[in-house]
Amino acid sequence: MKKKMFSVIVSAAMAVSMVCALPAMADTVKIGVYEPASGDNGAGGKQETLGMQYANSIRPTVEIGGVTYDVELDIVDNESNNDKAVSAASKLVTDGVSVVLGSYGSGVSIAGGQTFQDAGIPAIGVTCTNPQVTLAYPVYYRICFLDNFQGAVLANYAAENYENKVAYVLTKQGDDYSAGLGYYFTQAYEALGGEVVTGAFPEGNSDFTSYLTSAKNAGASVIFAPTSIEAAQLIIEQSAAQGIGLPLLAGDTWDSNMVLAAAEGKDVDILITTFYQEGGNAEFDEGVKAFINGDATNLANNGGNDMVAAVTAMGYDAYNVALAAMQAAGSTAPADILAALPGVVVEDAVSGKIQFDENGDAVRNSAFVKTANTETGTWDFVAETSISE
Amino acid sequence: MDWLSRNLPYLLAGISVGGQYALIAIGYTMVYGILRLINFAHGDIFMVAGLMMVYASASMPMYLSIPLVIIVTVLIGFMVERVAYKPLRQAPRMSVMISAIGVSYLLQNLALYITGGLAQQYPHIPWISDQVTVLGASTKRVTVITPFLTVILVVLLVLLIKKTKIGMAMRAASKDFETSQLMGIKINSVISMTFIIGSFLAAVGSLLFFSNYTSVTPTVGTLPGLKAFVAAVFGGIGSIPGALVGAFIIGICENLVMLLNQYVSFDISNFKDAFAFALLIIILFFKPTGLFGEKQTDKV
């Protein structure tokens, strides 16, 4: 009896406190951050989230239709896992977020897309480059370039710079991003007269030596490895230990200081394409560095130093696009924001002007090519390339 | 000669990874031999050893951190048995197995909490991680010493089991658990010893494995653990020489798939892992107890 009494009192108290909290919540708008904080893409997801947190720290409020709202980031971990991502997405829907940002990694974006679609919540992909993300789900928009573009840029680069036109394409089984980018690269490279030899490694694989030996034995002049950062660390290490001596080409995921740390002091040649080059916007670089250095957790999430990752810049831009969409909608209701998104244009984004095409993809036609400087442990700028089709 | 130096890397990788599987597989096979328990947490003990090395080497010199990591790993293996398995000694075997799965998840999530989900770079161990050239193929020294070290450790272990008192007790316990208790064998210390040996070998295995594949994540133990378990079953679970032979066969075969891949037009690298498991099915089809297995089997 006593127990029952107690639970009645507790639930009554909870109900009262919830009612009391309501007026305060009315002026808050929630933005869902749908990013991996663990698993294969944990490192990249954390850096992308950092950009949103930084943006939130300098623009904590937004004025929508004459009312000032506090912006609250609702951060969930999709664990880089297509199965677990759905429950993370559902949590955001339950929490009542107005718009979702993310994810790093195309696979989880596709996995969570249906949940956002069913709830009618607009999602803004930050660095998920697989075309399928926006094609499959009308609520999905994105601010980065696509893999068919990125694959073509890399294929052109490989065809122009390495004489013997054989490339070894190493992808991860069951990874939408990896398989997709590998496919587009292969298409473009073969169209340019090159030959492609493929290899695919399973989830949880640590031993890349046999793949690298295969690349060498196939007479490849370059290895294209659109993989996660974790696999990248292993590939770089083993490539150096085996003395493979072939240049490693990769997409936007490799743009990470973890990759640089793995490559530092080793005899490897790494080339990547990415969204943003540190130094592109001095004011942003300075601000984000101060933000990272100002907090031990932020510093750890950025891999222990204050190098600005491209995904951090993209996360920052995505936050501003979300706010711009809310202002354009004049409302915090997901349906209104969704309706306003196609017309949103952000001129002063740090990664370049952002506007959407009819698929909900950002109109972008240039990518940065960078190479890892293994002596200083930094990225060196190679070229800004664009492809006219 | 040219053919050899082209394809030697496959064989080297196979032998070395086989040796590392063998060191883990012995832990599975010994525990199974005595307790009839598949210790699912074993692959995670292996991962924890790797993770501790990352943190230990950051704060102390190598000659201190290596022994420390091995000792702490052994302690963890011992503690896991005492806390999670010993209280369930009289419980149905299924309960102990569930407990083992629980420990496995506990260790993985603990590692996830400590690392924050990020892959940790394994330190460079002097001499072991240095680069050497074998018959024109460049590799790390660890690749070359792994098979020898593994065989030496297995010989020592077999001697321990055949010649010492505790070894005799182990053999008795694996033959008949209840009767050996009645004969005055302190069964708990025998079991503890089994876990200590298994964890020691897992720690050595992790040292060799991560020197080659230098990235430690919370789930990194799963695949090597699974392969080692397959190797133990392959060689006949409960048999130490069986685990050794099984591990080398699995390690070499999965790399031979990659070698063969060069000579076929279709990309078979997809089936690298599937191959090990397919081989297991074929062997079990003809020899249900594995290569060196005993006749009698128990259901788990």
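Okay, one definition before anything else: when I say nonpolar core, I mean a set of buried Ala, Val, Leu, Ile, Met, Phe, Trp, Tyr and Cys residues joined through C-beta atoms within 7 Å. And please keep in mind that what you're looking at is a predicted model.

So, the core. The largest one has 210 residues, and the members that touch the most others are A:Leu101, A:Ala322, B:Ala25 and B:Ala231. The element that gives the most to this core is helix α1 of chain B, residues 2–35, with 16 residues. As a general reminder, in soluble globular proteins nonpolar side chains tend to be buried together.

Let's zoom in on B:Ala231. Which residues does B:Ala231 contact, leaving aside neighbours within four places in sequence? They are B:Tyr21, B:Ala22, B:Ala25, B:Ala243, B:Gly246, B:Ala247 and B:Ile250.

Next, where the two chains meet. Chain B puts 32 residues into the contact, and chain A puts in 30. On the chain B side, the elements giving two or more residues are α1, β3 (137–140), α9 (222–234), α10 (240–261) and α11 (272–286). Helix α1(B) shows up again here, with the largest share of that side, five residues. What classes of residue does the side of chain B that touches chain A have? There are 11 nonpolar, 16 polar and five charged ones.

Over to chain A and its sheets. One is an open sheet of six strands, in the order β2-β3-β1-β4-β5-β6, with mixed pairing. Its edges are β2 (61–64) and β6 (140–142), each pairing on one side only. Ignoring direction, neighbouring strands in this sheet are turned by 35° against each other on average. Inside the sheet, β4 (residues 99–101) and β5 (residues 123–125) of chain A pair in the parallel sense over two bridges.

Let's walk along the β8 end. Strands β7 (residues 166–172) and β8 (residues 195–201) of chain A run parallel, joined by seven bridges. In that pairing, A:Ala167 is partnered with A:Val196 in β8(A). To get from β7(A) to β8(A), the chain crosses through helix α7 of chain A, residues 176–191, and this β-α-β crossover is right-handed. On to β9(A), residues 222–224: three bridges join this strand to β7(A), also parallel, with A:Val169 standing opposite A:Phe224.

Last stop, a glycine. A:Gly287 sits in helix α11 of chain A, residues 282–293. A:Gly265 is 22 residues away from A:Gly287 in sequence, and the two are 30 Å apart in space, C-alpha to C-alpha.

Definitions and conventions: Residues are numbered from 1 along each chain as its sequence is written. Chains are lettered from A and ligands numbered from 1 in the order in which they are written. This is a predicted model: local features need pLDDT of at least 70, side-chain atom pairs count only at pLDDT 80 or more; totals for chains, interfaces and linings use all residues. A residue is buried if 20 or more other C-beta atoms lie within 10 Å of its own, exposed if 12 or fewer, and partly exposed in between; C-beta atoms are placed from the backbone. Helices (H or I, at least four residues) and strands (E, at least two) are DSSP runs, numbered from the N terminus. Two residues are in contact if their C-beta atoms, placed from the backbone, lie within 7 Å. Ala, Val, Leu, Ile, Met, Phe, Trp, Tyr, Cys and Pro count as nonpolar, Asp, Glu, Lys and Arg as charged, and the others, Gly among them, as polar. Two strands pair if DSSP finds at least two bridges between them. A crossover is right-handed if, with the strands pointing away from the viewer, the path from the first strand over the helix to the second runs clockwise. Axes are lines fitted to C-alpha atoms, for helices over the stretch in contact, and angles run from 0 to 180 degrees between N-to-C directions.
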